[in-house]
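This briefing covers a ligand shell and a sheet. Please look over the sequence and the model before reading on.

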Amino acid sequence: MTNDLLLRDASHVRRPSASPIQTPIVIASLAYKGGIGKTTLAEELAHVLDAVAVDFDWSKGGLTAGWGYREESRIGAPIIDAFASGRVPTPLRGGPRKPDLIPGHTTFVEHQPAADKVAGELNRWAYSLQRRIVVDTHPDGCPSTNGAMAAAKVVVTPVILHTREMRSLEQLLNEASDYPLLLIPYMVPRTPSQWAIDDLQRLSERYDVPVGPMVGYYPWIPIRRLRVAICSEPVAKKQRQFCTEIQQVAKAVLSYDR
Ligand SMILES: Nc1ncnc2c1ncn2[C@@H]1O[C@H](COP(=O)(O)OP(=O)(O)O)[C@@H](O)[C@H]1O
Ligand SMILES: [Mg+2]
């Protein structure tokens, strides 16, 4: 009931501060391929779920840079310092139009702890902050990605209905179908190939992994220059359909039970 209530208001109203009634769960955005929507999904889900976004991807052009955080002008590296010190990091406030953020760092590749430590700490952060956490991950089986997957109550995986991307999905399912994956058909064109839809259904049944609501392909997204979440108010008319789809994904995440 709490989740439904939260979701109903989350579409329109951003609470000025974290809600005390959040169940502090970890959600991971994860796939074995780059350029398929992990970061966009992570940021938008974090926004509509009023969650803290955590950036584990050290490559440039990810969540942290898109949010407007420049590591060059900062001292220290919050994500690395948090793991090293054992102190729960304080999220940067995003305000009404961006999620709160624990920023990533380009040197995290060398400083990421072992997967079990990452998993334990992520859950500890969520409980200590009393917030949901959405983690954006690096697209390979590195310790931080594995740790995020182990910590997550739901692992959201964007699925592009293309030949290579479907192969990469099959590899992920082969290795990780026992994790709580939720497959999101993503950047779906107006007329997707029937073979790809059939293939997704086959994989979903074979590996017993659910397919969630789909998100379409919107040509204005890759050339956006605004740093705010697409689903933050005011939502422009052309963005409404995308935001409705993200809301559906958020709802599927909160009701996920596997
Ligand atoms: N629904 C969408 N429709 C069209 N383009 C999208 C959509 N979602 C994301 N993109 C664009 O696709 C590219 C890859 O998305 P991104 O979220 O960075 O993926 P990843 O984190 O997997 O590398 C970016 O240019 C992004 O703006
Ligand atoms: Mg990314």
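How do the residues of the shell around ligand 1 divide into nonpolar, polar and charged? They divide into 7 nonpolar, 5 polar and 1 charged, where Ala, Val, Leu, Ile, Met, Phe, Trp, Tyr, Cys and Pro count as nonpolar, Asp, Glu, Lys and Arg as charged, and the others, Gly among them, as polar. This is a predicted model, in which local features need pLDDT of at least 70, side-chain atom pairs count only at pLDDT 80 or more, and totals for chains, interfaces and linings use all residues. Residues are numbered from 1 along each chain as its sequence is written, while chains are lettered from A and ligands numbered from 1 in the order in which they are written.

**Ligand shell**
- Ligand 1 is surrounded by 13 residues, counted as near if the C-beta atom, placed from the backbone, lies within 6 Å.
- The closest are Lys 38, Thr 39, Thr 40, Ile 221 and Pro 222.

**Sheet**
- Six strands, in the order S3-S2-S4-S1-S5-S6, form an open sheet with parallel pairing (strands are DSSP runs of E, at least two residues, and helices runs of H or I, at least four, numbered from the N terminus; two strands pair if DSSP finds at least two bridges between them).
- S3 (100–102) and S6 are the edge strands, each pairing on one side only.
- Strand S2 (residues 52–55) runs parallel to S3, joined by 3 bridges, and Val 54 stands opposite Ile 102.

**S5 and S6**
- Strand S5 (residues 154–159) and S6 run parallel and share 5 bridges.
- Val 159 stands opposite Pro 185 in S6.
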